[in-house]
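The sequence and the model are shown first, and the description comes after them.

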Amino acid sequence: MKNYVVFIVSFIVLLFAFEIVSGMFLTLTYVPETSKHLSSSTVNMFGSGSFNYTFLSSALAATLSFIISKRVSRVKKSL
């Protein structure tokens with residue numbers, strides 16, 4: 001049960017941190033295109049042509065959480 005708690009807590013903390021960092025990265029690299037906004041016949045398609053940062057950050061957070069929980073359980077066994 002303790003390994004599960006360590007995994008879940010580290011997963012939540014890492015996922016939150018990765019979401020903040022990826023949001024900051026996307027905000028810093030955003031360049032609006034004003035030519036598309038001047039014509040009235042444009043259709044906004046959100047999410048098309050962009051990489052899925054949410055999946056990447058959750059996969060990375062889960063992997064790091066697994067490694068952290070294994071190291072914590074290994075340290076507790078050696079004590």
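**Overall architecture**

The model is predicted. Its protein chain contains three helices and zero strands, and the order along the sequence is α-α-α. The chain has 79 residues, of which 10% count as buried. Its accessible surface amounts to about 6,800 Å², and carbon and sulfur atoms account for 70% of that area.

| Helix | Residues in helix | Reach | Expected span |
|---|---|---|---|
| Helix 1 | 28 residues | 40 Å | 40 Å |
| Helix 3 | 26 residues | 37 Å | 38 Å |

In helix 1, the reach is close to the expected value, and the reach of helix 3 is likewise close to its expected span. Helix 3 runs over residues 53–78, while helix 1 covers residues 2–29.

Which residues of helix 1 are buried? They are Ser 10, Leu 14 and Ser 22, and they pack against helix 3. On the side of helix 3, the buried residues include Ser 57, Ala 61, Ser 65, Ser 69 and Ser 73. Helix 1 is among the elements that cover the buried residues of helix 3. An α-helix has 3.6 residues a turn, so residues three or four places apart point the same way.

Phe 7 belongs to helix 1. Leaving aside residues up to four places away in sequence, Phe 7 touches Ala 62, Ser 65, Phe 66 and Ser 69. Two of these contacts, Ser 65 and Ser 69, are with buried residues of helix 3. The C-alpha atom of Phe 7 is separated by 7.3 Å from that of Ile 68, although the two residues are 61 residues apart along the chain.

The count of aromatic pairs comes to one. Which rings form this pair, and why is it called stacked? The ring centres of Phe 7 and Phe 11 are 6.2 Å apart and the ring planes meet at 15°, so the pair is stacked; the cut-off for this class is under 30 degrees. Phe 7 and Phe 11 are four residues apart in helix 1, which means that about one helical turn separates them.

Are these two residues buried, exposed or partly exposed? Phe 7 is partly exposed, with a relative accessible area of 25%. Phe 11 also counts as partly exposed, at 21% relative accessibility. The cut-off for a buried residue is under 20%.

**Surface features**

Met 1, Tyr 4, Val 5, Val 9 and Val 13 make a nonpolar surface patch of about 550 Å². One of these residues, Val 13, lies in helix 1. Val 13 counts as exposed because its relative accessibility is 51%, and the cut-off for exposed is over 50%.

Lys 70 is placed in helix 3. With a relative accessible area of 42%, Lys 70 is partly exposed. From C-alpha to C-alpha, Lys 70 and Val 6 are 9.3 Å apart in space, and 64 residues apart in sequence.

Conventions:
Residues are numbered from 1 along each chain as its sequence is written. This is a predicted model: local features need pLDDT of at least 70, side-chain atom pairs count only at pLDDT 80 or more; totals for chains, interfaces and linings use all residues. Side-chain values use heavy atoms; hydrogens and water are left out. Helices (H or I, at least four residues) and strands (E, at least two) are DSSP runs, numbered from the N terminus. The expected span of a helix is 1.5 Å times one less than its number of residues. Buried means under 20% relative accessible area, exposed over 50%, partly exposed in between (1.4 Å probe, protein chains only). Contact means heavy atoms within 4.5 Å. Rings of Phe, Tyr and Trp (its six-membered ring) pair if their centres lie within 6.5 Å; planes under 30 degrees apart count as stacked, over 60 as edge-to-face and the rest as tilted. Patches are made of residues with over 30% relative accessible area and no salt bridge: like charges are joined within 9 Å, nonpolar side chains (Val, Leu, Ile, Met, Phe, Trp, Tyr) within 5 Å. Accessible areas come from the Shrake-Rupley method with a 1.4 Å probe; for residues, only the protein chains shown count as cover. A salt bridge is a side-chain nitrogen of Lys or Arg within 4 Å of a carboxyl oxygen of Asp or Glu.
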